[in-house]
Amino acid sequence: MKRELLMVGPMYPKTLDVLDATYTTHKLWLAPDRDAFLASLADRIDAAATSGTKGMDDATMAKLPKLKMISHFGVGVDSIDVDAAKRRGIMVSNTPDVLTDDVADIAIGLMIAAARRLVAGDRYVREGRWLKGPMPLAESVQGKTLGIVGMGRIGRAIARRGEAFNLEIAYQGPNRKTDVSWRYFADPVALAKESDFLVAACPGGESTRGLVSRAVLEALGPKWIVVNISRGTVIDEPAMVELLKAGKLGGAGLDVFVDEPRVPEALFAMDNVVLQPHVGSATHPTREAMGQLQIDNLAAYFAGKPLVTRYC
Ligand code: 8YV
């Protein structure tokens, strides 16, 4: 008898196929009446699969009294009410590590693209402007200071890459890390004052909302560049747009936004801003590995074994 699985939102097709083949799956996003659908499943669903922005809130958990495990596709669990899950004794797994390198690559890619104006340069050539003369000079990343907000797995991978690009590394986080020798700042404003490039690489959620504030962006200043590969909520987005417009912030490389997929249109015309549609982990091998972790965590749960990558 196949076990039953609630799937909250659409997910990586290959993973979806495996889950459909392995379990009797119930697709919440296809339900015409969400509440009636959940009520029909209330006495028999103990595991759910979530992904990206399609997480789970406390109200939904309340409708699933038998829920014991949520297997999340993604390292960031800010779309799940983790405190409610803990309160209800629901285990949560996520997909760390397998995406670290791809996300760190995008962070460095956005930093270089914004500093060296790669996207503007591409447009400069395609629009035939090179025929009229050389493109203005850009900023070099060589010998500059890369400030990293959040020295977790992804923050460290970015720091290692930064060193390979001859950047000085400094970081901010809730705690100084004992196993790294990079300069530590408890205060993000102090970090920004010392930085030429500032990368947000911390988790999303309420604890980091607006951590990269107006004051932090002003401290970074009119010449230098903010990069975000974590969550849109980490940066005060309206302040960032305003400071970019006023020339009080040098530039930005952004993969995540507050209200994805909607992006502040004021950014579209800015040559010193590089925009990406949340593609940090969007490669075939990484999404496949994330899906396999999601599958393995569910299999471990149903086998009564410890989860492979338990978040809480
Ligand atoms: C995912 C991410 O693309 O892992 C995360 O936290 O933001 C991305 O890897 C996103 O969650 C979609 O599933």
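Is K54 buried, exposed or partly exposed? K54 comes out as partly exposed, with a relative accessibility of 40% (buried is under 20% relative accessible area, exposed is over 50%, and partly exposed falls in between, using a 1.4 Å probe and protein chains only). What you have here is a predicted model, so local features need pLDDT of at least 70, side-chain atom pairs count only at pLDDT 80 or more, and totals for chains, interfaces and linings use all residues. Residues are numbered from 1 along each chain as its sequence is written, and side-chain values use heavy atoms, with hydrogens and water left out.

**The ligand site**

- The ligand has G52, F73, G74, V75, G76, L99, R231, H278, S281, R287 and M290 around it (a residue is near a molecule if one of its heavy atoms lies within 4 Å of it).
- That shell splits into four nonpolar, five polar and two charged residues. Here Ala, Val, Leu, Ile, Met, Phe, Trp, Tyr, Cys and Pro count as nonpolar, Asp, Glu, Lys and Arg as charged, and the others, Gly among them, as polar.
- Ligand oxygen atoms pair up with S281, through a side-chain N or O atom at 2.7 Å, and with H278, through a polar side-chain atom at 2.8 Å.
- On its own the ligand has 320 Å² of accessible area, and the protein covers 86% of that (Shrake-Rupley method, 1.4 Å probe; for residues, only the protein chains shown count as cover).

**The nonpolar cores**

- The largest nonpolar core holds 63 residues, and L146, I158 and V212 have the most contacts inside it. Such a core is a set of buried Ala, Val, Leu, Ile, Met, Phe, Trp, Tyr and Cys residues joined through side-chain atoms within 4.5 Å.
- Helix α5 (residues 100-115) gives this core its largest share, ten residues (helices are DSSP runs of H or I with at least four residues, strands are E runs of at least two, and both are numbered from the N terminus).
- V212 has contacts beyond four places in sequence with V149, L198, A200, L217, V226, V234, I235 and D236 (contact means heavy atoms within 4.5 Å).
- There is also a second, separate core of 20 residues, with L38, L41, I45 and I70 among its members.

**Buried spots worth a look**

- I45 sits in the loop between α2 (34-41) and β3, and it is buried at 0% relative accessibility.
- From there I45 touches E4, L5, L6, H26, L64, K66 and L67, leaving out residues up to four places away in sequence. Its C-alpha is 6.8 Å from that of L64, which is 19 residues away in sequence.
- Q172 belongs to strand β7 and is buried, with a relative accessible area of 7%.
- The Q172 side chain reaches the backbone oxygen of A186 at 3.0 Å.
- T208 is in the loop between β9 (197-200) and α9 (214-220), yet it is buried at 9% relative accessible area. Its contacts beyond four places in sequence are C202, P203, T233 and V234.

- Most residues other than glycine have a negative phi, and most peptide bonds are trans.
- R117 has a positive phi near 55 degrees; this residue is in the loop between α5 and α6 (118-126) and is partly exposed at 32%.
- N166 also has a positive phi, about 60 degrees. Its loop runs between α7 (153-164) and β7 (168-172), and N166 is partly exposed at 48% relative accessible area.
- E260 and P261 are joined by a cis peptide bond with omega about 5 degrees, and P261 lies in the loop between β11 (251-254) and β12 (273-275).

**Back to K54**

- K54 is in the loop between β3 (47-51) and α3 (58-62), where it touches V8, G9, P10 and S79, not counting residues up to four places away in sequence.
- K54 and W224 are 34 Å apart, C-alpha to C-alpha, with a sequence separation of 170 residues.

Notes
Polar contact = N/O pair within 3.5 Å; in protein donor to acceptor, adjacent residues only side chain to side chain.
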